Amino acid sequence: MKIKFNPNLDFQRDAIDSVTRVFEGQEEGTSRFTVSALPEEGMFSNTEGVGNRLKLLEEDILKNVQSIQIENGLRPDEILNEGLDFTIEMETGTGKTYVYLRSMFELHEKYGFSKFIIVVPSVAIREGVYKSLEMTEEHFNQLYDNTPYDYFIYDSDKLGQVRNFATSQHLQIMVINIDAFRRSFTNPDLEKKANIIHRSHDRMNGQKPIEYIQSTNPIVIIDEPQSVDTTNKSAKAIESLNPLCTFRYSATHIDEYHMLYKLDSVDAYERKLVKQIEVAGVQVDDAHNKAFIEVHDVSNKKGSPEATISFDQFKDGKVKRVKRRVSHGADLFEYSGGREVYDGYIISELYAEQGNEYVRFSNDIFVKKGEVIGGVDEDTLKRLQIKKTIEEHLDKELRLRPRGIKVLSLFFIDRVANYRKYDDDGNQLNGKYAQMFEEEYRKLITLPKYNQLFEGVDKDTIANQVHDGYFSIDTKGRGSSKQEFFVDTSGSTLADGDAYNLIMKDKERLLDLDTKLKFIFSHSTLREGWDNPNVFQICTLNETNSTIKKRQEIGRGLRIAVDQDGERVYGFDVNTLTVMANESYEDFAKELQKEIEKEEGIKFGVVEEHSFANIPVFDEEGERKNLGVEQSAKIYKHFREHDYIDKRGKIQDKLRLDIKSDVVSVPKEVEEQKAQITSLLRKLAGKLNIKNADDKREVKLNKQVLLDDDFKQLWDKIKYKTTYRVDFDSEKLIENCAKALRDQLRVSKARFQYRVGLLDKDRGGVHHELKKEQVQTYDATDFPLPDILTILQDETQLTRKSIAKMLVDSGRLSSFTNNPQKFIEQALGIIKSEMRMVIVDGIKYQKIGDDHFYAQELFESEELFGYLDKNMMKAEKSVFDHVVYDSDIERNFAKAFEDNDGVELYAKLPAWFKVDTPLGSYNPDWAVVYENNGDKKLYFVVETKGSLFSDALRATEKAKIDCGRQHFKALDSGVAYEVADDFDRFLDVAEE
């Protein structure tokens, strides 16, 4: 098969046109210069060189650039302050390499420019670019009528290619690694240390190869400038090429030089030019039985070293993972709430040297930055990640193979030895990841649902044929004793060349359904420069948490899939990339948005002064123009004046509401473009859930009701505070706890939680939603058993004897070894609950005295807010002019109080009106004055509940109500305390 290229993709054409239009008005032409002959050609046969020539004035180029920028919705530059350096931003997977290769042909055809140099940061990208030149050769020959051209990779052993580059009249494309010309020394004594390209050479009549290049005034293309042009040396190296101009292409620019075109990650996603992303995260629940420690960073910024670490803390009866800044002497036993597993973990050293940071404890255990101890068994976790990646792969194969689409999965690993190793004789063996893969693959392919994928296939042998690894090769020995070993490298050196040649040259064969290889294991070398459109799963098997950036991680799999005819297959029904992450999909989405904001400069939910400049306007003759920068700035100012945006341009709720209602206010002079402006705003605002800010109301005090004599009398009856004492039967408590533990204790083993979230991107941000969820047991026993009696005694203040009897009588102690910490948490919760119930049964309230009460004036100090038709309603008989309710039942009661003639006045009791109970504070719902038959005032405190059946109320809730009843009884005020689930039930009581 051959991958086909579509010459008519509008976004690629726009990017190409944005480059060629820079030179609009330029006459076609070339420059001529003399090139010295090579010695073997004879002393007198000098040659004429051919270079690029620019005739346009800088002010003409600036006008062209400004016009391009406005049409592309970019802020126009006022001056060319960076010279002829330009930026093109295209999301990974949208054909950036194709765009700049074709741009060269367009520049050659329109203006006669013929000398181009592509500068790349690594061998990986260099080989990828060269492969692209090979793959597009037939395509460009057809598009440009077989325009003669040459392309080559710069090789310091083939300097004749450099001379040919300078002298040829045909289109010339040189691909060169930045490391091949970064080292340049003007001092003659140091010239031998410079790259060969900067050294005088006998074969070039004493000239330097770089001088031939400089004479051509080449147009320089920088691929991934954030990795190329990163130092002063790199910048000087680029300058040494004497470029006519420089075009920088990347998805993640650090420095932006006169941006010409921008197809960012949000645009690409919204236009479905890349795959959508779903993130699968494997997390562990209820595994807190060992001393967990993760070191996030160690620094010495404040004069003394500090570290940020995560550990497990026992608080309020539960263990939670917390992150804390710590310094020398910090005792994790104390910080963890006295958990025995942290005994001896006192910080004795914090080492902050960059690259070697670690935390050492008093027990001589040390943890490096980025490492974790006490978590789940890493191999068990990695096995599950491998299994789930295979499962996702096979599920996609079921859907996509009938459509002629080959599915590939890519695994990133930290150490080659984890995948491939050798015995003493040099024989290749499976590392642990390869072994895990084959074992899990064999299990999964036996499932009946995958039968159709393996018809006529030997399931016993296929597992070792579908996976392979691509790593850098280190050759040792000579002749027959020569052996090849695979090594860990970064992908930036020449040592990686052989591995990358194999990957790049076999790309199309890899996409063939008849090729068995489907699962690719690689070291970090493939994280840039290598791409294949049919990567549908990416799994990072790091020994510690991944430090790779999210955008870099997903970049290898964003390209739109290709079928067996070499045609792109569009649509999210096919193009979904599953990323197996070392974190939850929620955290992945959050970090991805941060990276996009930082690296792409996208301001989610923000309007800029130039945002509307490229909106089209048509004159009377129907000729298209743009709204322009001035009009855009006026719209921006109008939005500021209408509080649609804040001073930073951040979109406010008021604008979102007007967008939703299609009533956005715009200046009169752009009324005809209102629909287009609103459409753009809709994209910028994003998918955010908002409340109607215009409906927000502050609740005001109704002093007429507050000062009413009836309300004063009611308040004087219920305002007093009480205290309580308890008596309980310890034997009954033990019996109740044992029974509750027997009936309620359910201690499962620790679990892996596999959750897949689908990510969605728009101008409002990166959003996510849960797609599927699965649970798998984690069967671990390598943990110490804590002193359960001591822990429960400390938390409950019961005797060890009582606790022991509860546990033994419950018959549930066998569950303790399944998951000790989970057992303790559940047992503690059950015992405390039963203690509360027994305490409530024996509770006695008494009034503290006449001096302890809630003053009526407190009503005047309260600030309440609510939203009309959401959680508040207008009131006439209440202490406040609106009632803010918490439920439909409360709303119904408030409405009934307003409508019923018998209700004189009422108040929703404020949050500060509390009754103390052993179960925490209790806040009753209503205080009501009711007139019965016109001659009797009745005073009530009413608790409104959705059900009056004891079993339907939570035990704690019921106990609090019982405490409330005892509290008001102790006041001996004549105020009735009632519980009602609807107003009719309240009336039945009031009218008895």
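Buried residues have under 20% relative accessible area, exposed residues over 50%, and partly exposed residues lie in between (1.4 Å probe, protein chains only).

## Basis of the model

This is a predicted model, in which local features need pLDDT of at least 70 and side-chain atom pairs count only at pLDDT 80 or more, while totals for chains, interfaces and linings use all residues. Residues are numbered from 1 along each chain as its sequence is written, and side-chain values use heavy atoms, with hydrogens and water left out.

A salt bridge is a side-chain nitrogen of Lys or Arg within 4 Å of a carboxyl oxygen of Asp or Glu. By this rule the count comes to 47 salt bridges.

One of them joins Asp710 to Lys937, with the closest N and O atoms 3.2 Å apart. This pair links distant parts of the chain, 227 residues apart: Asp710 belongs to helix H22 (residues 709-718) and Lys937 to strand S39 (residues 936-944). Helices (H or I, at least four residues) and strands (E, at least two) are DSSP runs, numbered from the N terminus. Asp710 is buried, at a relative accessible area of 13%, whereas Lys937 is partly exposed at 32%. Lys937 also meets the side chain of Glu931 in a salt bridge (3.2 Å, N to O); Glu931 is partly exposed, with a relative accessible area of 25%.

## Other charge pairs

Asp886 and Lys908 form a salt bridge whose closest N and O atoms are 3.8 Å apart. Asp886 lies in the loop between strand S36 (882-884) and helix H28 (888-899) and Lys908 in strand S37 (residues 903-908), so the pair ties together parts 22 residues apart in sequence. Asp886 counts as exposed at 63% relative accessibility, and Lys908 as buried at 18%.

A network of salt bridges links Arg383, Glu439, Glu440 and Lys443.

## A negative surface patch

Asp982, Asp984, Asp988, Glu991 and Glu992 form a negative surface patch. Patches are made of residues with over 30% relative accessible area and no salt bridge, like charges being joined within 9 Å and nonpolar side chains (Val, Leu, Ile, Met, Phe, Trp, Tyr) within 5 Å. Asp982 is placed in the loop between strand S40 (976-980) and helix H30 (983-990), and Asp982 is partly exposed, with a relative accessible area of 34%.

## Helix H26

Helix H26 (residues 820-841) has 22 residues and reaches 32 Å from its first C-alpha to its last, close to the 32 Å expected at 1.5 Å a residue. H26 is mostly covered, with 16 of its 22 residues buried.

Conventions: Areas by Shrake-Rupley, 256 points an atom, 1.4 Å probe, with all protein chains shown as cover. Lys, Arg positive; Asp, Glu negative; His and termini not counted. Charge placed at Lys NZ, Arg CZ, Asp CG, Glu CD. Expected span 1.5 Å × (residues − 1).
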